[in-house]
Structures are given as C-alpha cells and as structure tokens.
Amino acid sequence: MSVIYFIFQQTLLFTIPLLIVALGGMFSERSGVVNIALEGIMTMGAFTGVLFLNMTGGKMSGQFQLILAILIAMATGGVFALFHAYAAINMKADQVISGTALNMFAPAFAIFVARVIQGVQQIQFTNTFRFESVPVLGKIPVIGPMLFQNAYITTYIGIAILVISAVVLYKTRFGLRLRSCGEHPQAADAAGINVYRMQYAGVVISGALAGLGGLVFVVPTSTNFNATVSGYGFLALAVLIFGQWKPVKILYASLFFGLMKAVASAYSGIPFLAGLGIPSYFYKMVPYIATLVVLIFTSKNSQAPRASGVPYDKGQR
C-alpha cells in the first residue's frame, strides 16, 4: 500500500503544474490567441519566484514565504505575457513566432540576471514548504496518506484553480464572452463585446497561471533553479490539446501525463519497475513517447476554438 501512496503523491507533484499551465493555455486559446510562450513564461515565473525564495531565505520561511513567491511568480507571468499579447493582438504578428521568441528570450534572461546578481546561473533555495500532515484530514484512512500527508499547499491551489476555471468559463458572463471571442470574434464584436480587451484578459490570465506553474514545478521537485522547466510548457500544450480545451478533460490528461512523468522520475522507488533492469534513459523517454502517441491518435479529432491563432481585425467582417 505504501508503494501506491508513493506513486500517487509523485503523480500529483507532476500533475499539478501541468494542470495549472494547461488551464492557463486554455484561457488564452479560448479568447482566440495561441500561447506557444508557456514554456518561457513558466521559466520567468519560476525564476522570479525562486530568486525571491533565495533572497529571503534567512529572513522568513514556511507557507507565508511560499505564498509571497507564488504572487510574485504570477505577477511576473502576467507581465511577461503582455509582450505576447501586444505582438499578437495589436501588431497582428504571427502568434507562433511571437511565442517562440519569448521562449528563447526567457532562459537567456534568467541566466544573465542570475549571474549578475550572484555570479552563477543556478539559484539555490531552502525548501521549508512541505508539511507532514494536515490536522484531522491527514488521519483519514486511504485519502489522508494520499492527499494530506507529505504534501504541498500548491496541490490544493491547483485543485482550486481547476474548480474556479470551470466555473468562470461556463457559469459567468466573462466566460461566455471569452468563449465567443475564440469562436466567432466578429459576432462577439457585433454584440458589443470588446474583443481586444477579452483577448488581453485571456492572455494575461494565461501568463499568470503559467508563471505560477513554473514555480509550482520547481519547488516540490528541487532545491535549485537552473533557468529551465524541462519542456513542461510544451508538455502542457499537449495536455491542452489532449484535453480538448475543457477543464475536466484537461484534468484527466494532466493525470495521465503526470503518471508518466512520475514513473520516469521515481521508477527506482517502485520495486516492480526497479527489478526489471531496464536502463534509466528508457523511463526518461516514456512521457515524451506517450505525448507523441496520444497526439497521433487524438489530434485529428481535436476541436480547437475556431478563431484560435487567427489575428482579429476589427475592420474585417
């Protein structure tokens, strides 16, 4: 039973950042703007968040420090996403090229600033954020050891973001307007909706969640940041496509890919897999092979928002 708990907790560590970033990508594409820059935004969010943890390490610790780092990462992601929004919405630039440019800029910027500040590009931090057990809830049989022991607050933040995203997208006027801009912006404009404003909102929300996802990816799995999020932004795009741009399906896709990453990362702690004697590099390939296989069989039937990736021109009808 302990092995099952171990696998489930490892899966959650990889699932939550994927879920958060993919939900961010969903808001952007639902507004009509493809956000290929998720990888770069994750890098920037993780960089500023971890840098804050590094600089305040001797002055504060625990959940309050982590919450402040989360807010900083989200603010960084939102601001960085504005560059993509301006290029895609105002300048009518190719959204893939704009996002790619930000992906190339982010790690170079993080390395340069880290070296200027501390002389090396790797930023260290002390992890004081894991709690052994949530009072009362941690003692619940089965569920307690899975969800409320040896956990991070970021897990519950990710679940909350999923619920809020579903409610906002399907139960609010804002969500209806956002979806209409991604499906038929001309009709939305004729109905009095400011399409440009809604697209900006979608991209900024996307950036804030991607910035958060970058920090959430680094904190539970490492004690340093080296200007990379290991391709998680691109994996989140695969999750978004596999999840058909819908919150609940994105959750299922995130769990699947999170399990693949957990197996690749922690196979040595699973007796059955460790006993097979398969080389470690095979397990490291598993998540990306699974990504290719899934996309081959699902991308043909994917139903992206109709206007996603098409620059909206108010003068055209």
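1. The model is predicted, with local features needing pLDDT of at least 70 and side-chain atom pairs counting only at pLDDT 80 or more, while totals for chains, interfaces and linings use all residues. Residues are numbered from 1 along each chain as its sequence is written, and side-chain values use heavy atoms, with hydrogens and water left out.

2. The largest pocket holds about 290 Å³ of space. A pocket here is an open set of points on a 1 Å grid over the protein atoms alone, where a 1.4 Å probe fits, with protein on both sides within 12 Å along at least five of seven lines, and lining residues have an atom within 4 Å of a point; the volume is the space filled by probe spheres set on the points, which are joined across faces, edges and corners.

3. Of the 16 residues that line the largest pocket, Phe14, Phe217, Thr221, Ser230 and Lys261 lie nearest its centre. Two or more lining residues come from each of α9 (195-221), β4 (224-225), α11 (247-266) and α13 (280-298), where helices (H or I, at least four residues) and strands (E, at least two) are DSSP runs numbered from the N terminus. The lining comprises 7 nonpolar, 7 polar and 2 charged residues (Ala, Val, Leu, Ile, Met, Phe, Trp, Tyr, Cys and Pro count as nonpolar, Asp, Glu, Lys and Arg as charged, and the others, Gly among them, as polar).

4. Serine 230 sits in the loop between β4 and α10, and its phi is near 60°, a positive value in a residue other than glycine. Serine 230 is partly exposed, because its relative accessible area is 38% (buried means under 20%, exposed over 50% and partly exposed in between, with a 1.4 Å probe and protein chains only).

5. Glutamine 244, in the loop between α10 (232-242) and α11, also has a positive phi, near 55°. With a relative accessible area of 14%, glutamine 244 is buried. Leaving aside neighbours within four places in sequence, glutamine 244 is in contact (heavy atoms within 4.5 Å) with Lys249, Asn301, Ser302 and Gln303.

6. Helices α2 (residues 38-55) and α3 (residues 62-90) have axes that come within 8 Å and cross at roughly 145°, the axes being lines fitted to C-alpha atoms over the stretch in contact, with angles running from 0 to 180 degrees between N-to-C directions. The residues of this contact divide into 10 nonpolar, 7 polar and no charged; among them are Met44 and Phe52 in α2, and Ile72 and Phe80 in α3.
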